[in-house]
Amino acid sequence: MSFVDRRIEVRPSTGAAPFALNEVFFSRTDERGVIQAGNYVFKRVANYSWEELIGAPHKIIRHPDMPKGVFQLFWDTLNAGDSIGAYVKNKAKDGLYYWVFAVVVPCKGGYLSARISPCSTLFEEVKAAYNDMRQAEVNEGLSPVDSAQRMMDWIHGKGFENYHQFATHALSEELLARDAGLERPRDAKISDLRRMMANAETLVEETQGLVKDFDAMHTIPHNLRVIASRIEPSGGPVTVLSQNYGAMSREMSDWFAAHVMGENSNFNAIKLAVTNSLFVEGMARILNECNAQLQTEQRGLGSIDMDAERSNLTDMVQAETDRARKGVEEVDLEADRIMRACQVMHRQFLGLSSTRVLCKIESARLPESGETLSDIIDQLGVFQERISRRLDNISKLSNEIRMMDQ
């Protein structure tokens with residue numbers, strides 16, 4: 001053992017264990033959560049010896065303040081084969097605590113958890129939410145499942161659809177806050193993906209408005225037919241025009257069903273693709289920092305095969321980097337699909353516009369009811385203009401997302 005390994009590191013008697021903002025650490029467990037390896041920072045912060053850590057369950061560092069519901073979400077996600085990010089309060093051997101933002105990634109034979117020190121404003125909100133959850137578990141006898149649901153209710157109240165969206169936002173918040181705290185330039189990839197996310201959110205809002213406008217427009221062909229029936233036989237041309245308008249509207253309704261509504265629509269797909277890309281990019285960055293730190297660590301790792309751990313981390317970094325690249329390609333594909341779909345819908349609108357002009361001409365020939373007919377046609381114009389404007393916005397947002405990929 002070298003002299004530096006024997007050096008006494010000063011720790012406070014109470015409060016937080018020393019874990020600097022520029023540090024990262026990792027641990028690797030088997031599928032049951034038994035610790036197999038870690039780096040020196042992990043050992044130092046937890047204040048255990050390697051003999052005490054290796055072969056011990058990871059819950060050896062669990063802090064009693066942590067809500068069980070968070071670990072319920074953890075394991076539900078990991079057992080589904082997915083990665084997860086979460087805020088965790090841990091307890092060192094000497095009773096000190098330390099907060100981390102951890103990303104946990106399935107790996108061969110188990111899981112790898114990499115951690116940074118959280119410092120964002122969101123972190124303060126999460127601590128308060130965790131305290132409420134833990135109090136409910138203690139005072140109300142809340143089960144881990146019910147506690148996890150309490151967490152999800154809080155997340156939904158923050159405007160996130162699911163935990164993955166929340167964890168992705170939290171991860172990016174922590175990385176950007178960390179850059180600011182260390183006086184580093186903002187991570188360009190994370191920043192670009194955050195702007196993509198904002199555009200994806202706006203896309204969803206625009207499509208929701210599009211659905212409402214389109215639903216409101218559905219009644220107009222029916223109203224045209226009602227007026228035409230009142231002014232027969234002179235209303236015959238209006239009947240034909242309303243039928244044509246109805247047929248075109250149904251085609252557009254089918255377009256909505258295929259591209260706007262449902263879990264597999266382009267619009268939902270692009271939001272999911274951006275979310276996944278942002279999470280993977282952040283995860284790859286943390287793993288890359290872990291790898292870089294491990295390459296330079298001179299401390300002893302006990303019985304751990306340092307070369308094997310370095311190789312494992314290098315492979316994981318490459319795999320996550322490849323995933324991030326493929327995710328961005330998927331975003332580009334979905335954005336392109338939306339732009340093409342908008343072009344198709346614009347062409348359909350040209351047909352509707354022509355029909356509306358013909359209706360306007362017919363209304364001029366029917367003075368006895370032309371005013372009512374003209375009002376309905378004007379309504380068509382308002383709806384079409386609004387929908388056309390939304391399509392333009394959607395196409396513009398999609399193009400901006402594509403430009404960020406370049």
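**View 1. N288 sits in helix α11 of this predicted model.** Helices here are DSSP runs of H or I with at least four residues, strands are runs of E with at least two, and both are numbered from the N terminus. At 41% relative accessibility, N288 counts as partly exposed. Buried means under 20% relative accessible area, exposed means over 50%, and partly exposed lies in between, with a 1.4 Å probe and protein chains only. N288 and L313 are 25 residues apart in sequence, yet 7.9 Å apart in space from C-alpha to C-alpha.

Residues are numbered from 1 along each chain as its sequence is written, and side-chain values use heavy atoms, without hydrogens or water. As the model is predicted, local features need pLDDT of at least 70 and side-chain atom pairs count only at pLDDT 80 or more, while totals for chains, interfaces and linings use all residues.

**View 2. The largest nonpolar core has 100 residues.** Such a core is a set of buried Ala, Val, Leu, Ile, Met, Phe, Trp, Tyr and Cys residues joined through side-chain atoms within 4.5 Å. Y87, Y98, Y130, Y163 and L287 have the most contacts inside this core. Helix α11 (residues 266-296) gives the most to the core, with twelve residues. Contact means heavy atoms within 4.5 Å. Setting aside neighbours within four places in sequence, Y130 touches M66, P67, V70, Y87, W99 and M151 by that contact rule.

**View 3. Strand β4 pairs with β3 and with β5.** Two strands pair if DSSP finds at least two bridges between them. Strand β3 (residues 84-91) runs antiparallel to β4, over eight bridges. K89 has W99 in β4 as its bridge partner. Five residues lie between β3 and β4 in their hairpin, and G95 in the turn has a positive phi of about 90 degrees. The pairing of β4 with β5 (residues 110-116) is also antiparallel, over seven bridges. P106 stands opposite Y111 in β5. This second hairpin has two residues between the strands, and G109 takes a positive phi near 85 degrees. How many residues of β4 are buried? Nine of the eleven in β4 (residues 97-107) are.

**View 4. Strand β1 (residues 25-30) is covered on both faces.** F25, S27 and T29 lie on one side, F26, R28 and D30 on the other, and all are buried. Six bridges join β1 to β5, and the two run antiparallel. T29 has Y111 as its bridge partner in β5. T29 also stands opposite I35 in β2. Strand β2 (residues 35-38) is antiparallel to β1, with three bridges between them. The β1 and β2 hairpin has four residues between its strands, and G33 takes a positive phi near 90 degrees.

**View 5. D187 caps the N-terminal end of helix α8.** A side-chain oxygen of D187 lies 3.1 Å from the backbone nitrogen of K189. Helix α8 (residues 188-217) has 30 residues. From first C-alpha to last, α8 reaches 43 Å, close to the 44 Å expected. The expected span is 1.5 Å times one less than the number of residues.

**View 6. D336 lies in helix α12 (residues 306-364).** D336 counts as buried, because its relative accessibility is 18%.

Key. A polar contact is a pair of N or O atoms within 3.5 Å; within protein, one must be able to donate a hydrogen and the other to accept it, and residues adjacent in sequence count only if both atoms are side-chain atoms.
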